[in-house]
Amino acid sequence: MKSIDDFSRPLNNVSPMERPFRKVLRRVVDDEIMPHRRKYDEDWENHEYIEPVIHKLCVGLGIQKALFPQEYGGWSLGQSDYMMALAYCIAEEVGRGDSALSLSSICSLWPVCTFLIPPLVNMDLARELAPMFTGEALCIGCQAMTEPQGGSDIENMDLIKGKTITTTARQDGDHWVINGHKLWPTNSGGIATIFGVPCTTRPGSEDPNDFAYIMVPADTEGVTQSPPYAKAGMAADKNGDIWFENARVPLSYRIHGPGKDALAFKGLIYMGQLGSVGFAVGALMNVYEILYEFASTRTFGNRLLKENDAIAGILGDIAGSIDICRVLAYEVVRLGDDRNKPWGNPIYSEETIAKSRNIKEFICDKAVDVCGKAMDILGTHGSDRAWDVEKHWRDLKMVQLWLGGKQLCQMEKARYYFNCTTL
Amino acid sequence: MAYDVNELFPYPKNWVNDETHTIATAVHQWADKKIINNRLEYQKAYSELFLERRRSHNLDIGFQRIIFPEEYGGSGFNTLEKTPQLVTILGELSRADAGLGFMSALEYALSAVAAMEPNVNKEVCDLIAPMLCGQELKTVSILMPGQGIKDRIDPLFMGRPISARITPAQEGYSLSGSGIRPIGNGAIADIFGVVCADPDGRPGIAYVAADSKGISRGEEIKQTGLDACLNADISFSNVHVPSGHVIMNDDAVRELYTWLNLFLGAVSVGACLNFFEILRNWADNRVIKGKGLLKNNPLCASVLAAVAEEIGLAKILVYNISNFIGRTEVWGGHENPVIFMAAQMFGKRIQQCSLNAINRGMELMASAGYAKEWHAEKHWRDVKTIQSVLCGVGAEVPVQLDIARFFYESDLD
Ligand SMILES: Cc1cc2nc3c(=O)[nH]c(=O)nc-3n(C[C@H](O)[C@H](O)[C@H](O)COP(=O)(O)OP(=O)(O)OC[C@H]3O[C@@H](n4cnc5c(N)ncnc54)[C@H](O)[C@@H]3O)c2cc1C
């Protein structure tokens, strides 16, 4: 009998560590997420059921320390040629159970990617922050980029060049003083331990040297978080407002300095696409499992759904789409894991960002379609939360919309492939 | 600039009479005042306010009794040419809240099969009219044919397995069936409309009061949307149904499908019209690229256009189905198979258009589209729920097979 493990992926490109790690993750998902995930929607404010699983993944399995150097208690994953493959594997496996849980666990590391992935490494900052991430306490990182006036503009570095950022960093002696208002980032809503904050040292400037990325611990005086927002889905991810009012952090909390901060931030966009395709494909694989069960036990015209030629046609298209999405997702992995190879490009390169955005957009569009179609196959059971397909449908819509949404992906692609200069 | 969403999206206004225009305007204003302009309050205390709003339009304005003949205390909207009027009213209700529209749509669909001239079924009307024309709020649930279970052979209605059975019993029938999923409202219904089959496999519709002996309800189902239309699986254990409460022919089932496609189409379009208003507000105010309005960016404008196109098409299609049904002098009423086919074919497209519109519009609203605060996501969940339950099972396949039977005489049974 076929299973989710029959979907294609390039086995020649998989880290030896991945197989056992996948197995462990699968067990956690099957035993600790699947049986409880229907309670998550109502748990969006309190995280009574959600928080213990995030703890298990981040602290128990060690995800939160993975990128830190071994000498500071981590796994030095940032140095590995299989870093993206392993990150993808986590996103996909946990995403199969709950994409928001996967998002929340992985996004904890998102801000520290800016200084732990060669060539953009800041060992001093790594040493400084390692105790937070490598200890036994849950440390929740939050990449606080989006601002009230718009998330896409901030991500649209090639065109807008940070000009619209209103969060400011002012140097005052040996501290940065941060002021501004961010909203929506994953792992905000009151739970963040530390923020990665894209900001500007000269408001309105288009000079990349004026773009700064500064780490701000959540308990810094002057930092306030709102309670989480109510959303259509993705309950395991808390999102809210964050206000920085004269929040002071040491100068060393700026990740690199003029110029390099902007590059590292672009690298984050790639990392965001990598996570997104992982969440989407993981959820799709679960949709396949659910459909398999449903189509093998329900009938139309007194034949099993999967044995009705027309319905089988749709099922075939769905499975085919999932397979193609997974192959494409591994291309995003490859783009990142080849970063140090002679034929590769840094994750902040124009090519890597444009191509990963393209694939993310494609996979997300397919994922939303597939989930919607799967709900219709379940018919009167499609909107029933007990079958979980609708949960993936609600969650994946957000994966499609974040990171600047579809239009920004379209613009980046056009710019890259057609050398557009004014978009 | 102020605008009227109904004026923006063209539809054959001449099919809607002055009386209905007046009612629709009143509902529109009621929706603005009581629901749309108070969305946050409405969201916070949803269950209580939903009930209160439902009471106000159903009982105070009288929409619950509208479809019944005047001799039953109804408003006499029980002639087929009134169909566009019902569509207009349902659209306005659903613009406020698709759940309100959905509940009325199920009531109208089930009642229409029994109450519409020229085929008024007196015995069924005697059962349901006193409930629906009274002073208490009543809820209707419908159990359609849909999905069968492995290793069970069911009687079929155009391929769709029928789970409920009736067998002749003293002065009527005995109705049985276990764990059947209604298309909505199962947990709170006062009246069930059950598509069932007799021992020869002939389909029909049984009208059953929910307090009849032998009916049990399963646990409340948590669902994607239509939060207030609480559903539950229903079991019937030898429920006695007087013979006059069963309409025993497959034309009646076809007719029920026709009404459902029409009325639920009107509900989705109504929800879309409010989604349009939300999106337009967003597009009028959101600045991108640090300077221009989102609506003035050609790429975003093209997506906005696609949203308007989908809604415009869906609205026209709803009115067209109502015209097919209502213009009996041209189309001959439900006996003409083209009516059933058109309702199925266009009904499917209406749901697709509606969902496409919201899906694409949400793209442009990004996080705001996903936040409960903006309400766009509720329309999205409600419309998707309607689309899925209307499919029954197997996505669009059952309807595609109906269409193939009609156009190509495909032998698919
Ligand atoms: C569950 C969830 C998790 C999130 N996680 C994070 C996170 O971890 N960190 C974070 O900072 N933010 C996060 N966000 C916010 C998210 O990334 C933003 O919502 C997103 O980037 C879009 O920004 P916006 O909502 O401000 O919409 P806008 O930027 O205002 O965009 C509105 C629309 O305009 C379009 N548009 C924008 N620019 C252009 C252009 N140049 N040309 C054409 N069209 C354009 C967009 O595609 C979109 O359709 C999250 C949001 C959610 C819901």
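1. Six residue pairs are in polar contact across the interface of domain 2 of chain B and domain 3 of chain B, both residues being at pLDDT 80 or more. A polar contact is a pair of N or O atoms within 3.5 Å; within protein, one must be able to donate a hydrogen and the other to accept it, and residues adjacent in sequence count only if both atoms are side-chain atoms. On the domain 2 side, strand β8 (residues 203-209) of chain B gives the most, with three residues; helices (H or I, at least four residues) and strands (E, at least two) are DSSP runs, numbered from the N terminus. That side has eleven nonpolar, six polar and two charged residues. Ala, Val, Leu, Ile, Met, Phe, Trp, Tyr, Cys and Pro count as nonpolar, Asp, Glu, Lys and Arg as charged, and the others, Gly among them, as polar.

2. This is a predicted model, in which local features need pLDDT of at least 70 and side-chain atom pairs count only at pLDDT 80 or more, while totals for chains, interfaces and linings use all residues. Residues are numbered from 1 along each chain as its sequence is written, chains are lettered from A and ligands numbered from 1 in the order in which they are written, and side-chain values use heavy atoms, with hydrogens and water left out.

3. Chain B is assigned domain 1 (5-138), domain 2 (142-247) and domain 3 (250-408), the bounds coming from an automatic or database domain assignment. The C-alpha centres of domains 2 and 3 of chain B are 28 Å apart. Contact (heavy atoms within 4.5 Å) involves 19 residues of domain 2 and 20 residues of domain 3.

4. Two salt bridges link domain 2 of chain B and domain 3 of chain B, each a side-chain nitrogen of Lys or Arg within 4 Å of a carboxyl oxygen of Asp or Glu. Asp227(B) pairs in this way with Arg381(B), with 3.6 Å between the closest N and O atoms.

5. Between the chains, 54 residues from chain A and 55 residues from chain B are in contact. The buried area is about 4,500 Å², with 61% from carbon and sulfur atoms; this is the accessible area (1.4 Å probe) that two parts lose on being put together, summed over both.

6. Four salt bridges are counted between chain A and chain B, including Asp376(A) with Lys384(B) at 3.2 Å, N to O.
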